[in-house]
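Thanks for coming. I will go through one model this morning, starting with its terms and then moving from one chain to the other.

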Amino acid sequence: MRSYDVIGFEDLLGDVTPGDLILLYGPPKVGKSIFCYQFLYSGLKGGEPCLYIAADYGSRQLEQRMMEFNWFLQPHIQNGEVYIIDLLTRLAGIKVEDSASVKFSSAQNLADLMVKVGVGTRELFRKSSKFRSVLDSLTMIFAFNPPNLVLRLMKAYKGRVSEANGIGLVVHTIGTVEPQFESSLMELADWKIFFDGENIQLESSAGERSAKYTITGEGIKYWGLER
Amino acid sequence: MIILILSLFDIFKREKSLEDYLERLRELQEETFDILINIAGSYFDRGKHEDAKEYLEKAFKVALEMDDKELEALVLDSMGEVYLDKREIGTALEYFKEAFKIYSSIKSPLREEMKEKISEVEKMKEAIELAKLREELEETPKVPEVRKFEVDVNSILPKLKTLVRRLENVSLYESYPSESALEELKEALEIASAINDELSEASLLLFLGTYSFEKGDYEGAFNYFKHAEDILNKRRDKKSLGTVNVFLAVLYLIRGDEKESLENFKTALKLFKDIDDSEASKIVMDIFNSLYRIKG
């Protein structure tokens, strides 16, 4: 049964609960990263801090891209409500120093990444009883590491986020890794969200639902929910 | 061709099972791990930290591949040692804590050892920070011309209040938050002064000073604290006096008198050191760093 009402972002995620890991997947250029910004910003507005692992773009670009939708991140960074792990800037050869809220690492250094995730989740757990975590995306991490290691990293990541009562969102672009590893990623997730440019499908053990979506200047608008 | 057939035959003749191959693979992974750790150790011994880290990262991947938590923790512990050697104590601690977390999750006996190490390194970190602060304070004559100060009272107020809350005699008055209760306290101050009850007088002055400070009445706060300082000096109450000195240090800075501010910080630090109150010293240091924007 399809309803043509516009759906609020938080209503769309409705029954996702702390401790869950969401895998957001789909082809390139369908709005997956914008979904991540929306997930981050919507959480901040609701008082949930966020650990954001920017693997495909730097922390500066994250701020700039979010500004396009009038989502201003800087005040939240200054207040320590966002903890960013930037995996790209150093790789691009830019010399940068860690700050309290922005840490630099790289996709090759998994030990460093895991330690920073551990520190980040602890910091945010101290601030709030629930928080969000985003990893956008796995493409670079898969490019630099054997896929089975990335899967183990994902297991550890899920454990860290879950034990700190967070909701984790991991982005994967389909076709960037062998199908058997994609299947293992799917198995790891509590929620799978598929984006194809027009439709969003949400799937969990509790059931499935889908909706239409459009990217606007104010973020992604969802409508036409079907259960 | 004959050689190829013979070698294939040789493979079949050996009749190794899947388990044998998996076992051999495991042995090779363990060997690789040992080699990588040893290479990292050799670089470490030569002071080549970046190379040591590179090989430890490789070892970490092997540990992940082997799905061996104990080895993962071992790498993180070693990585912590590299950072410790580089005097990047904060980062070293992050690695040790992560290793501790893994050792705890698998109930490894190494957990206790790691806990002790973390505690030692935390003490070391504290000592280094204190030494840094003292060094900064020693260099005060050069400081005023080059530094720009900004007194962000809101950022330090919780820490100042923590210092006050640690004083039993003063925290007693915290249950008097209203304006009318304040009048009662002022009256109590007059009585304490009249009957020469110095302990109550000093405690009330400290409380009223804190209250005025919080309300932004810095002149009033300054007068209360200066008066309290005189009494506490006589009573040799180092804990309360140290707290008063910290407030005076901040108030002098608000007045633009950096020299007096630094003198008061120094005095507070010395008083807390005398009574072996490292927690108070740490709070003073945090306040000092916030005001003078010294990198952690």
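Predicted model: local features only at pLDDT ≥ 70, side-chain atom pairs only at ≥ 80, totals over all residues.

Residues are numbered from 1 along each chain as its sequence is written, and chains are lettered from A and ligands numbered from 1 in the order in which they are written.

Chain A, then. It has eight helices and 11 strands. Of its 227 residues, 46% are buried, where buried stands for 20 or more other C-beta atoms within 10 Å of the residue's own, exposed for 12 or fewer, and partly exposed for anything in between, with C-beta atoms placed from the backbone. Two residues are in contact if their C-beta atoms, again placed from the backbone, lie within 7 Å. Among chain A contacts between residues at least 6 apart in sequence, 72% join residues at least 24 apart.

Now the sheet. Strands of a sheet pair through backbone hydrogen bonds, either parallel or antiparallel. I count two strands as paired if DSSP finds at least two bridges between them. In chain A, 11 strands form an open sheet with mixed pairing, in the order β1-β11-β10-β9-β8-β2-β7-β6-β3-β4-β5. The edges are β1 (6-7) and β5 (102-104), each pairing on one side only. Helix α2 (residues 32-45) of chain A packs on this sheet and touches several strands, including β2 (21-26), β3 (50-54) and β6; its direction makes about 165° with that of β6(A). Axes here are lines fitted to C-alpha atoms, for helices over the stretch in contact, and angles run from 0 to 180 degrees between N-to-C directions. Further along, β10 (residues 207-216) and β11 (residues 219-226) of chain A pair in the antiparallel sense over six bridges, and I215(A) stands opposite I220(A) in β11(A).

Look next at F131(A), in strand β6 (residues 131-136) of chain A. Is F131(A) buried or exposed? F131(A) is buried, because 26 other C-beta atoms lie within 10 Å. Leaving aside neighbours within four places in sequence, its contacts include P49(A), L51(A), L124(A) and A164(A). S137(A) sits in the loop between β6 and α6 (139-144) of chain A.

On to the interface. 11 residues of chain A are in contact with 14 residues of chain B. On the chain A side, α5 (110-127) and α7 (147-163) are the elements giving two or more residues, and α5(A) has the largest share, six residues.

Finally, chain B. D67(B), not a glycine, has a positive phi of about 55°. D67(B) lies in the loop between α3 (49-66) and α4 (69-85) of chain B, and counts as exposed because it has 11 C-beta neighbours inside 10 Å. R236(B) is not a glycine, and its phi is positive too, about 55°. R236(B) is found between α12 (218-235) and α13 (238-254) of chain B, in the loop; with 8 other C-beta atoms within 10 Å, R236(B) is exposed.

Technical notes:
Helix = DSSP H or I, 4+ residues; strand = E, 2+ residues; numbered from the N terminus.
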